[in-house]
Amino acid sequence: MADETQKNEPPSASTPGVAPAPTNGWMRIWLGPRGLRAGWRVLVYAVLLLFIAAILALGAVAIASALGHPVVLPRAGHPLTPGLGLIFLNDGVMFAAAIIAAILMGLFEGRSLSAFGLPWHGAFGKSFWWGALWGGVALSALLGGIAATGSFHVRGFSAGFAHLVGPGLTFAAAFALVGFAEEFTFRGYPLTALTEGMGFWPAAIVLSVVFGGVHAGNSGEAVWGVLSAGLIGLFFCFTVRRTGTLWFAIGFHFFWDFAESFIYAVPDSGLVLRHAMVRSSFSGSHWLTGGSVGPEGSLLIFPLIGLLFWLFHRAYPAARMEA
């Protein structure tokens, strides 16, 4: 295996130190050859994550208010225009909670974060930057297709280059955090645990449905955007299976969101930045542009996702994670 990957092999009932599955009917609902069954472990992880996130969020809001920077949440029915503070707060809390919950589950199971797709020795290495390149090229191709129909327009830079460097770097850091938070929350511990319980593809489908459903809560989101988010989530699961880690998916997710929101200044799953690099606009039918959802709600994204699966299959033909 490459130096950035780790093959996760769930022990079988014959593995030393693993107890045989219980024969009692009630106990078999809860326990398997590995101890607590995968579904229950993921449920425990989810409860821990939500509990820890609530504590961290309350603490962060209290500190921000004490420092004179109260957190203002969007009103119902209004598009969310997140600034840096809200992005760092929301996704920082999510990522910290996911990491802490995974560490606690790892202590219970005798495993480290590397077993859940996040080996730190591969941090910001080759896989991450290849993922970022794929994400940038994929989004550019999608917007290029929309522009070819005359439905996407760029009217120039929003400010001079010197005034864009600082915001660009800070938004890049913010969207890198978004990639870490969403990928590790949905495709870190849960994907590893559910794969052990039901196999890779059933686990990937379940988590991708959940991932798409979570996006339904975004202001300005629509059904096509929810469906495309779920399918992109499935593609990210596929990259974890073929690379053995989350680094490619994190890189892809980071640069897709950064380019969508900051570089091209289009809605990202219904979310719109206050500041961006260019001034751009959509025109024409919503089925082509995605409307308030942005390009993730365009019907052109579905053939693009299919192409991504095929290209990634050709580029990474060998699985690095057990099905």
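This is a predicted model: local features need pLDDT of at least 70, side-chain atom pairs count only at pLDDT 80 or more; totals for chains, interfaces and linings use all residues.
**Notebook: a buried salt-bridge network and its surroundings**

Residues are numbered from 1 along each chain as its sequence is written, and side-chain values use heavy atoms, with hydrogens and water left out.

**Entry 1: the charged network**

I looked up what Glu-109 pairs with, and found a salt bridge to Arg-41 with the closest N and O atoms 3.2 Å apart (the rule is a side-chain nitrogen of Lys or Arg within 4 Å of a carboxyl oxygen of Asp or Glu). Glu-109 lies in helix H3 and Arg-41 in helix H2, so this pair ties together parts 68 residues apart in sequence. For helices I use DSSP runs of H or I of at least four residues, and for strands runs of E of at least two, numbered from the N terminus.

Arg-41 also meets Glu-196 in a salt bridge, at 3.3 Å from N to O. That pair links Arg-41 in H2 with Glu-196 in helix H6, 155 residues apart. I then found Arg-111 bridging to Glu-109, with the closest N and O atoms 2.5 Å apart. Together, Arg-41, Glu-109, Arg-111 and Glu-196 form a network of salt bridges.

How accessible is each? Arg-41 counts as buried because its relative accessibility is 4%, and Glu-109 counts as buried at 17%. Arg-111, at 21%, counts as partly exposed.

**Entry 2: helix H2**

H2 (residues 38-66) has 29 residues and reaches 42 Å from first C-alpha to last, close to the 42 Å expected at 1.5 Å a residue (1.5 Å times one less than the number of residues). Its buried residues are Ala-38, Arg-41, Val-42, Tyr-45, Leu-49, Ile-52, Ala-53 and Ala-64. Their cover includes strand E2 (35-36), H3 (84-109), helix H5 (161-187) and H6 (189-198). Just after H2, Gly-68 takes a positive phi of about 85°.

Val-44, also in H2, is partly exposed at 36% relative accessibility. Leaving aside neighbours within four places in sequence, Val-44 is in contact with Leu-36 and Met-105 (contact is heavy atoms within 4.5 Å). Val-44 and Met-105 are 61 residues apart in sequence and 8.4 Å apart in space, C-alpha to C-alpha.

**Entry 3: helix H6**

How many of the 10 residues of H6 are buried? Seven are, so H6 is largely enclosed by the rest of the structure. I listed them as Tyr-189, Pro-190, Leu-191, Thr-192, Ala-193, Leu-194 and Thr-195. They pack against H2, H3, H5, helix H7 (200-215) and helix H8 (223-243). Gly-199 follows H6 with a positive phi, near 95°.

Next I checked Glu-296, in the loop between helix H10 (286-289) and helix H11 (301-315). Glu-296 is buried yet has no salt bridge, and the nearest side chain of opposite charge, Arg-187, is 11 Å away (Lys and Arg count as positive, Asp and Glu as negative; His and the chain ends are not counted). Among the residues that Glu-296 touches are Trp-224, Trp-256, Asp-257, Glu-260 and Asp-268.

Key. Buried means under 20% relative accessible area, exposed over 50%, partly exposed in between (1.4 Å probe, protein chains only).
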